[in-house]
Structures are given as C-alpha cells and as structure tokens.
Amino acid sequence: MQFYLDGYRPGDPELLPAAPGAYTPGDPLPETVDVLVVGTGPAGCVLGAQLAAFPGIRTRIVERREGPLLRGQADGVACRTVEMFQAFGLATSMLAEAYWVNESVFWSPDEADPSRIVRTGRVQDTEDGLSEMPHLIVNQARLQEYLLERMRKSPTRIEPDYGVEFVTLAVEPTGDHPVLVTLRRGDDEFQVRAKYVVGCDGARSAVRTAIGRQLRGDAANHAWGVLDIFAVTDYPDWRMKSFIQSAHAGNILLIPREGGNMVRLYVDLGEVTDREEHKQITSDQVIATAQQVLSPYQLDVCEIVWFSVYEVGQRLTDKFDDVPAAEVGSRLPHVFIAGDACHTHSAKAGQGMNVSMQDGFNLGWKLAAVLEGRSAPDLLHTYSAERQAIAQDLIDFDKAWSATIARQPIDPAHPELGGIEAGELQAAFLESGRYTAGLATQYEPSVLTGEAVHQSLATGFPLGMRFHSAPVVRIGDAKNVELGHTHEADGRWRLYAFADAGGSRAAALFEHLQRVVLPRFTPAGAAPDAVLDVRAIFPQGHRELNVIDLPQVLRPQRGRLGLRDYEKAFATDTKAGIDIFDERGVDRTAGALVIVRPDQYVAHVISLDALDELDAFLAGFLLEAK
C-alpha cells in the first residue's frame, strides 16, 4: 500500500483524505445523484465500496432497514471472494477473524447399525493450486461491515441512508438524470433523480418489479431449518465442515463459524407438502431433528443466535437491466439489478452471496468508467450480458449439487428404493471444487475479452477467467509478494508484461506504452497510471536487475511531489524456487502481455510485439482522453 504520494500525513493510512463534498453524517439525500444503490446486501455493499473510490461520482445508498444487518443469513466466503476482498484491502482482517475451512468430513449410517452415524470420508476442502486464498466462513453481517468501513474511509465517506424505502421509479427518455425515483421515509414520500439506479434489494426486489423483470424458475420444494448455535456435544467433528447423512432422520450440513465456538446447522426438513405447516416449524423441532441425525452423539444447545426455516428455489431473470433485448442496439441501460434481485440459489452450494458480490464488482467499475468519461455508455450493456450467463451456469450447478446433498443414503434392506451410496457424496464434492471455490466463471469473447489466438503464450492465464496470482519478488525492495495482490479495486486496467528472454520485445513494448498508449488514454493532469497500470515481470532473479535501469513506464512519477513509484517491476523468486513463468505456463523465450480487467479477470493475452493488436483492443472499450 502506497500512502505518502502527496507527502507525509499522520494517522491511519487507510483513512484517505476526504474529497470536497464528501458525505457527512446527517446529510440529507440530494435532489440529484449519479448512482443510487437500493439495498445494503452483499451486492450493494460491494458496489458501494467500489464506487466510493471515485471522489467525482456522487453515490448514495438507501436501505429500508433502520440499521445495518447484525446477524444471520449467508456465511460462506469462497476463495474467489477472498481474492476480491484483497483488492479492496480487506482480506487481512477477514483472514484473521474468519473460520478457515481446511477439511470437510462425511458421515453416513453405520452398515452394522443404521441408527448410528459413522465417519466415512475426510478430504481437503480446496484443491491445491486453485487459489492462494482459503475458503472462509464469516457472518454476512460482519462481511458487510468490512465493506461499510471501507466506504467510511474512502474519499467520499459514503454512509447508507437507513430507514429509506424504495417505492418506484420511471426512466425518462432525455435529461442528465433520467431516472426519477420515488422514496419513502416513514410516512413521507420524496423524489430523487439519478443517472443510474441499481437494485440490490433482494429476492422480492421492488426495483426489479419497477422495470418489469421477473424471477423465473422452480421452487425447491424442499425445506431446511437453519440455526446458528452455541452447544455442548460429543460429536467429534464439531469444528469441521461436515456432511452428515442419517438413515431415517434426514441430513445435516454443519458449518463451524468464526470465533471458535459457534456452529451453523442446515437441517433437512424434507419435502414441502404444506407451506403453511412449514412456516410453523419451531427451533425446538429443528434441534430435535438434528439430535436424531447426530445419534449416537449428544447435542445440548446452550444458545440460539439465529434461526430460520427456508425453501429457496433456483430462479433467474432473463436480463439484469431495464433495456428489452430487442432495443439493445438503440437504447442505453439506466437501471440495473444485482444479487438476489436477479438470481436466487440454495445455500448448500455456498454461492448466492459470493455470486452477488461478483455482480457488484462487475458493475461498479463499469459505472465508474462511464461516469468518469473513460468508456462510452454502451459498455454498460456488458453487465447483463456477462453476469446473466454466469448466473445461469451456477444455477444449473446448484440444482444438481443441492439434489445430491438432499438425497437419502441407500437402505441396505431396501436397495430398490434408491438413494445415494456411501462415498458418492464425497466424490461429487471433489468434482465440484472449482465451482464451490468460485473459480468456474469464464467470460465469453466480447469487446472486453479477446479471442484465444495467443493463449499458448500464457496457458496459466485463461482468457475470461480470473487472474491467478503467483509469488514474485519486487525488484525495488526485494520483497516477496503475490503478483495478483498488486491489483486494487480502483477501476484501473492492469497490463502485466512478462518480459522475453532477450528483452528486446519487452523494451519495444515499454517504449510504445510510454510514447503512444498512455498519452492516448490518460486524461490531462491525471497520474500516468490512472487508467492503465503497467507492471513487468522479468525472468531473471531480482539481483540481476537495477531498478534505475528500468524504463520510464515502470518508474512513473506520481502525486503532488512527483515521487517515483518503485513497485511496478518484479522478478522470479529464485530463492524459493517458485518461477512464475513455469507456474503459469508463460513462454520464457517470447514472453507475453496479459491484460487484466478492473475486476481481476483476464481480458487478453497477446504477444509483446503485437502493438497494433494492443492498440485496437484497448480502443474497443476506452475513449481517447481529452
């Protein structure tokens, strides 16, 4: 983290200087805003945290609740989400506080005595090499607090306006702020005009209704009781993620929680035949079912922190914005929906909250790019196009995975009734690892994602997938770092140049970037890396390179004092024997240029000397600076 670019300032370096017009507590909602976010769920908080980084963008967030979420709801944080939190500067705190899911265990009925459960399997939760980040468990309320704190420390000092309910909206055909939004506080209705509105207001989204979208799909028809509890038990895997199948009482998904003692139980309550009856189920009934499933082990519940009974189907809207498919070529979107407002999942795959946050990350940098004039407004069409397809893929996975978890074990006495065999659930879990880690997302070729013509130059950075970090050594101070952790959630594109063995191709690229590319897309008076952040990785050891000899594009001068940046050049880690070129399949002789989007997904892989191709690709989504 660099925090003295404009000279020394005391205090918390994460508390950035307030921008002119920054929010102060008690400020009323203005008559006009650039972006109005409705809802402070996971998608809304990520979107707010992303937009908070841009002082020139007026963002406000409204929430009908009277205050922030305090407990309950989602808890699983996928590896990919932790990678994203690293870009927001929040991963360190989360890693220290969260429960780490290191292993998962599987329990099934004892063949000798089906009334008892026995451990039948134990596996590593996340496959080696998928991510440098672990799978975590953090209460959704706490996770949202991290993001809210990020907003408070941003230059804009954004705070949600609680107790404000969205009523409706209308999109007018002209005007700088074409979305007229009606809101309610108590008994008083009032209106705000916005350039863009984003509905992050859950599965019953009023914003979705206002733009005529509907969630479509099937009800799960299967109920689960959810409890966050403190308990005393002799069940030996109380602090291990557990898939527990009983012969006749149902199934449990057990998730240890942060703090060392709290545990979440997802208790299978069976098929829904009478929804009104299921609404009457009590926590005592769910605990009694859990006690039967865990037999012969005892479960003495000391305190219930949160309880709910739910039946969530997999549902999806056909589009995530207000533009009908037939009008995409003639109309620009101004209203968007994200998270549960446009897709719902079961809790068993642990993807609902994670996918929702990726929605917010995807949309946030695009809104900022358009509002700051770096990209044309038609860029916003890519949000629905990209995220709707990803949501559909994950819903298909979630249906299969949820059905697998809900299946009962085969009864040896009645095999004709069917069921799941011992070990089958464990096998399905291992096969689904990339999905549950949040790493299966791959965007299709588009204006933002190139064709895989040069993929062979860097096979470990698949186009359309997230940039997979690896260890390197920073040349300026010989510090071991993760290359992917240089990526901040600041709306900038990253250009990672993996230098060729001879160095001539990389040298020509750096000259072209300095002389042609950066001046073309960087606004006058802005930092040289304000739009395109160029980084280099050299195949030599760091002691073989002299930071003073690096090209100007890798040593830009920034900030009020014009201080040099010493953190843009890296070398392979010869001491630890971890060579990023080998780890990520980068051609050591030819090198490669890996272009990465602001949301950490690989946009293109091209040859270092494909200068015309580079220029054309960037011009596809960036406007020339004025």
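## The largest nonpolar core

The largest nonpolar core of this predicted model has 110 residues, where such a core is a set of buried Ala, Val, Leu, Ile, Met, Phe, Trp, Tyr and Cys residues joined through side-chain atoms within 4.5 Å, and buried means under 20% relative accessible area, with exposed over 50% and partly exposed in between (1.4 Å probe, protein chains only). The residues with the most contacts inside this core are Met94, Leu367, Leu532, Phe538 and Leu614. Its largest share, nine residues, comes from helix H8 (residues 352-371), helices (H or I, at least four residues) and strands (E, at least two) being DSSP runs numbered from the N terminus. At least three core residues come from each of domain 1 (32-89 + 138-217 + 315-396) and domain 3 (455-620), with bounds that come from an automatic or database domain assignment.

Phe538 touches (heavy atoms within 4.5 Å) Ile475, Ala499, Phe510, Leu545, Leu550, Leu554, Ala569, Phe570, Ala571, Thr572 and Phe581, when residues up to four places away in sequence are not counted.

Helix H2 (residues 79-87) is largely enclosed by the rest of the structure, because eight of its nine residues are buried, namely Cys79, Arg80, Thr81, Val82, Glu83, Met84, Phe85 and Ala87. The cover over these buried residues includes helix H1 (42-51), strand E3 (76-77), helix H3 (91-97), strand E7 (136-137), helix H4 (140-152) and H8.

Thr81, which lies in H2, counts as buried because its relative accessibility is 1%, and it touches Asn354, Met357 and Gln358, again leaving out residues up to four places away in sequence. H2 is followed by Gly89, whose phi is positive, near 75°.

## Backbone geometry in loops

A cis peptide bond, with omega about 20°, joins Ser295 and Pro296, and Pro296 is placed in the loop between helix H7 (283-293) and strand E17 (299-310).

## Basis of the values

Residues are numbered from 1 along each chain as its sequence is written, and side-chain values use heavy atoms, with hydrogens and water left out. In this predicted model, local features need pLDDT of at least 70 and side-chain atom pairs count only at pLDDT 80 or more, whereas totals for chains, interfaces and linings use all residues.
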